Amino acid sequence: MADSSPITVLVTGAAGRTGQIVYRKLKERRDKFVARGLVRTEESKEKIGGADDVFVADIRDAEKIVPAVQGVDALIILTSAVPKMKPGFDPSKGGRPEFYYEDGLYPEQVDWIGQKNQIDAAKAAGVRHIVQVGSMGGTNPNHPLNSLGNGNILVWKRKAEQYLADSGVPYTIIRAGGLQDKDGGVRELIVGKDDELLQTDTKTITRADVAEVCIQALQFEEAKFKAFDIASKPEGTGTPTRDFKELFLKCTARF
Ligand SMILES: NC(=O)c1ccc[n+]([C@@H]2O[C@H](COP(=O)([O-])OP(=O)(O)OC[C@H]3O[C@@H](n4cnc5c(N)ncnc54)[C@H](OP(=O)(O)O)[C@@H]3O)[C@@H](O)[C@H]2O)c1
């Protein structure tokens, strides 16, 4: 993708909290990108402006994804199963809320089948780079996130990541730390592997920073065929990351 003409990028989960930021940033950078979004419902499409470049499709339905990936150079996968809190939780009584997944929207269906469908459709359409956002914690099958709603979410996400790494399509797997809704571009980003960062104090990152890393990954060969954990130092400590090539060079693991 050294070509200077804009590349067409599809972001899925484009109405999600990180997906929205990616979609907006792509649209702002018209000199480099032609943005496309994929959302699950018409309501989500309206939520992000309702433009014609937003496709409505459920990723569990392989055929529905096909039109969205035609003519796409790069795919950014930001879909995810989303656990819901069971009603009746009263924080004043202490304890922990319980979570569940809606029928048919368990991580197995969304994070495994849905992700696999996207990878297959993209590969068949000749997409040249797939960026997939996942989560830190995947090396530990007993991670508490897996017991949430009995969904084994990190297990299914990891399976999809392995499928992508084995697909033959150039990829970047970004395993984010705890996501925060704060400004991006003002913190030093730290990369790691094998969940090592979870043993440190550096284990959160803003959604805006994750969105930026997704887009920067499309612009550097150094980001391809890599999988890495990512978090950031607290604002005010360290130097805000500007050199993404240098950041990707620090990532050495293929998975
Ligand atoms: N929360 C954290 O602290 C944390 C930490 C590390 C990594 N992560 C991961 O980072 C990624 C981004 O997280 P986020 O919080 O920004 O995402 P999010 O807001 O939860 O968005 C997920 C998106 O996936 C879409 N989606 C779900 N099922 C779908 C389906 N069957 N077909 C089409 N679209 C579907 C949802 O659409 P609808 O809105 O229509 O349902 C939603 O827009 C996720 O993979 C997440 O697991 C999260």
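**Sheet, helices and ligand shell**

Let's start at strand β10, residues 189-192. L189 and V191 point one way, I190 and G192 the other, and all are buried. Buried means that 20 or more other C-beta atoms, placed from the backbone, lie within 10 Å of the residue's own. In a regular strand the side chains alternate between the two faces of the sheet. Strands here are DSSP runs of E, at least two residues; helices are runs of H or I, at least four; both are numbered from the N terminus.

A word on the model. It is predicted, so local features need pLDDT of at least 70 and side-chain atom pairs count only at pLDDT 80 or more, while totals for chains, interfaces and linings use all residues. Residues are numbered from 1 along each chain as its sequence is written.

Back to β10. It runs antiparallel to strand β12, residues 226-232, and four bridges join the two. I190 stands opposite A231 in β12. Strands count as paired if DSSP finds at least two bridges between them.

Now the whole sheet. It is open, with eight strands and mixed pairing, in the order β3-β2-β1-β4-β7-β8-β12-β10. The edges are β3 (54-56) and β10, each pairing on one side only. On average, neighbouring strands are turned by 25° against each other, direction ignored. Further in, β4 (residues 74-77) and β7 pair in the parallel sense over four bridges. I77 stands opposite Q132 in β7.

Next, the helices on this sheet. α4 packs on it, touching β1 (7-12), β4 and β7, and its direction makes about 175° with that of β4. Helix α6, residues 153-165, also packs on the sheet; it touches β7, β8 (171-176) and β12, at about 160° to the direction of β7. Contact means C-beta atoms, placed from the backbone, within 7 Å. Axes are lines fitted to C-alpha atoms, for helices over the stretch in contact, and angles run from 0 to 180 degrees between N-to-C directions.

Stay with α6. Its buried residues are I153, L154, W156, K157, R158, A160, E161 and L164. Their cover includes α4, β7, α5 (144-147), β8 and β12.

Last, the ligand. Of the 24 residues around it, G13, G16, T18, S80 and S135 come nearest. The elements giving two or more residues to that shell are α4 (107-124), β7 (129-135) and β9 (178-180). Near means a C-beta atom, placed from the backbone, within 6 Å. By class, the shell has eight nonpolar, 11 polar and five charged residues. Asp, Glu, Lys and Arg count as charged; Ala, Val, Leu, Ile, Met, Phe, Trp, Tyr, Cys and Pro as nonpolar; the others, Gly among them, as polar.

Note on methods. Buried ≥ 20, exposed ≤ 12 C-beta atoms within 10 Å, placed from the backbone. Contact = placed C-beta atoms within 7 Å.
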